[in-house]
Each structure stands twice: as C-alpha cells, then as structure tokens.
Amino acid sequence: MRKTLISLGVLMREKRFVYMDHAATTSIKPDVAESMIPFLKEYFGNPSSLYSIGREGKEAIETAREQLAKALGAKPDEIYFTSGGTESDNWAIKGTAFSRQKKGKHIITTSIEHHAVLYPCEYLEGQGFDVTYLPVDRYGLVDPAEVEAALKEDTILISVMYANNEIGTIEPIQEIGKVAKEHDVLFHTDAMQVIGAVQLDMKQKHKDVDMLSLSSHKFYGPKGIGALFLKEGTQIDNFMHGGGQERGKRAGTENVAGIVGMGKAIELATANIEEHNEIIIKMRDRLLSGVLEIPNCRLNGHPEKRLPGNLNFSFEFVEGESLLLMLDQMGICSSTGSACSSGSLETSHVLRAIGLPPEIAQGSLRLTLGDANSKEDIDYVLDVLPETVGKLRNMSPFYNPGSVCEK
Ligand SMILES: *Cc1c(COP(=O)(O)O)cnc(C)c1O
C-alpha cells in the first residue's frame, strides 16, 4: 500500500486507515467467508430438492440453526432465518400485531429504537393500532416501572431494544421481560448490537423474551441474512407468504451461503466473549480518556451500562457531518447523529430523546470499536481528532475562546 504522510500541527505522521464504525457493520471474518464458498459454488442446489447438491445445502442450514441455537441458549426449532435485522424486527412487530389484534391493539416501545422498529410501529398506527413511545432518561435508559405504568387492558406487545446502536446504552431487558410476563404481554427485543458483547441465554436469563432479532453483519458475518428467535409456542402471523420453508413460517428459498456464514460467525463471536470484551474495553477506555481531554466535549449514553465498543461524544461548536468528512480525509471511518440535509440541521431521534439541546446534538461523533482496531488506531485517532475539532471550531462563528471576536 502507498504510504502518505499527513501533517498534524508541527508533526508529520503516516496516514492510516482506521475503521471505527463497527455498529454500522463489520467486516466478514476470513473463516466465515471460507465457510460460505462451497455453497456459492458446488452446492448450488435448492435446499428443498431431494438430490445431493440440494440436500447438502439443507443439512448446512440445519447445522447453522444449531450453531445459532447454541449461541443463544435456545432450541434449534426456535430459530427462523430472515433476510436481516430489519425483516426480523418487522416480522416480530407486525406479525404480533396482526395475529393478536382481536385481543388488543396497543403496543409499547421506546423513543430510541432503530427505525426498523419505529417505522413498523408508525405504519401500524396508520392501520388503527395504538402505540406508546416511552421516553428514556438522560443516559438513554428505559425505566421498567414506566413500562408497567404504560400497560393498558389491550396491550399486546412490548418491544424494547437490548442495546442502543447510537449511544450504546444497555437496557434492563430482564426486568422489562418480567413486567411483560406478569401481564401476559409478548416481549420482543432488537438484539442486533449485543451478539459477541453480551452472553445471551434464552432458557434462563432471558426466559421472558418471546422474540429476539439478530443480524449477521453486526457480528462479522455476511450482510443480508438475519434471524428471529421465536420462543416455542409463540404464535405470530407470517410476514412472508409463499413456499413452505422454515417450517411454513418464513417463505422463500433460503440464502444458504448467508445462513452458513452466519452460523460460523455466531459461533466465533460467542466463543470467548469475556476475553474479547476485555481487549475492546482496554482500547475504549484509553480512547475515552484521551478524547475527554478535548475541551467542551461530553460522552453520550450511560457511563457504565454501555456496549464495550461504543463511544458517542458531543463536541460543542462543531458540526458532526463536517467532522465526519474531515476524519474521512484522514482515513478514519466514523458516524454522526447529525445530518445536514438541504441546509437544515437534522439531529438523531436518539440524541433528542436523551434531551441533548440541538446545538450539542449536532456536534456528535460515534466511534465504535471492534476486531478491526489496534492500539495504533487509538493513538492515531488521539493524534488526529483534537486538531480536527480545533480546526472546525476556528471556523465556527459561535466559537469564541478568547475575549475578542476571533476568526
Ligand atoms: C443494524 C441494525 C438494524 C438493522 O439490521 P439490518 O440487518 O441492517 O437490516 C436494526 N436495529 C439495530 C439496533 C441495528 O443496529
């Protein structure tokens, strides 16, 4: 690779490529890609067919189902493959709504869910359902007592995400599940961000979760494949209608290679969660304390109850999208909760929900760590970020560190 030097103040440094957007997606692990290749090449047969190149595919699907079940502490029969996290969320929510609408039409969710949950809920409101969007505290925590207080006679579903993708806050899923069970309401959780970071156990710790959504590309698997855990005995309507695949519950010829890759990916991601978290947390804490030395900067989300790899900052007097673009020029991939669309600044619904004023929310930067990162990446970001923030502040008409108006 060609080496480029960049200048940082008086320093010259080698430009690096630093991927710090693991919450958006992750790179596929070599072993995962390898496991998929036979199912893209020789075993192309339809898994529903009876000859051997199809049967091989069918068997591989069942192996992957067992790998997922094992990783979740669930039964293989409780795992259904889908086209990804968005489909799993849509299926859980609309499938519950349509199958239980005679019983009731009220759904409880939160104001910080991913759009894959929020928009199906908004769609259902248009279909005559009644949705409560619970607020969160300033750290992004949902209060189980508020979930209980929001229950109505006709509540059929509670959907609360396991951990937030923007600010990393981990929700009290067990307590909320308990509330759901005590009131005989189905409980769904979007667990996209937690695979490989939190040990799941659907039989014990998470016994009150009826539905849980997964997405392979968030844990070093391929894109366009996901799963819904549907607890044994839970009846919801189908989302896809057609062939009899997935025991008649999810129609469509299976994405065999994707399923095989996801099976391998979940096995690898859940093999040593503790050790993996330790490595990530070490890097994160160094990055955190380094970034907090930048003046007028704060950490968003909960200080402890947060995903190991997630950091979300707000820098005053900085516009997030400009920061993201300048970091990109320095080879750093990040994310922001602010988008400048047609001249007006839009801030994320999550940052609004935790009560950040627009001028603070607009200067947000999400750095999410994962397998792609090393200690050198942290050093590099700590070299580049303060100077980049400084440059942007110097361009801001509102930033005035001295007494006289500076440029
Ligand atoms: C990524 C993500 C989704 C969407 O999953 P896809 O597989 O990309 O459709 C939904 N919810 C959360 C919390 C996510 O992080």
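Phenylalanine 98 comes out as partly exposed, at 29% relative accessibility; the label covers the range between buried (under 20% relative accessible area) and exposed (over 50%), with a 1.4 Å probe and protein chains only. The model is a predicted one, so local features need pLDDT of at least 70 and side-chain atom pairs count only at pLDDT 80 or more, while totals for chains, interfaces and linings use all residues. Residues are numbered from 1 along each chain as its sequence is written, and side-chain values use heavy atoms, with hydrogens and water left out.

Now for the rings. The structure has four aromatic pairs, a pair being two rings of Phe, Tyr or Trp (its six-membered ring) with centres within 6.5 Å; planes under 30 degrees apart are called stacked, over 60 edge-to-face, and the rest tilted. Phenylalanine 98 and phenylalanine 129 make one of them: with 6.0 Å between the ring centres and 80 degrees between the planes, the pair is edge-to-face. Since phenylalanine 98 belongs to helix α3 and phenylalanine 129 to the loop between α4 (115-126) and β6 (130-134), the pair ties together parts 31 residues apart in sequence. Helices (H or I, at least four residues) and strands (E, at least two) are DSSP runs numbered from the N terminus. Phenylalanine 129 is buried, at a relative accessible area of 5%. Another pair, phenylalanine 313 with phenylalanine 315, is tilted, at 6.1 Å centre to centre and 35 degrees between planes. Phenylalanine 313 is buried at 0% relative accessibility, and phenylalanine 315 is buried at 0% too.

Charges also sit over rings (NZ of Lys or CZ of Arg within 6 Å of the ring centre and within 35 degrees of the ring normal). The charged end of lysine 105 is over the ring of phenylalanine 129, 4.8 Å from its centre, and lysine 94 lies over the face of tyrosine 123, 5.1 Å from the ring centre.

Then there is the ligand. Around it are 13 residues, with Thr86, Asp190, Gln193, Ser215 and Lys218 the closest; a residue counts as near if one of its heavy atoms lies within 4 Å. Helix α3 (residues 85-100) gives the most to this shell, three residues. Oxygen atoms of the ligand lie 2.6 Å from a polar side-chain atom of threonine 86, 2.8 Å from a polar backbone atom of glycine 85 and 2.9 Å from a side-chain N or O atom of histidine 217. Taken alone, the ligand exposes 380 Å², and the protein buries 87% of that.

Terms used
Polar contact = N/O pair within 3.5 Å; in protein donor to acceptor, adjacent residues only side chain to side chain. Areas by Shrake-Rupley, 256 points an atom, 1.4 Å probe, with all protein chains shown as cover.
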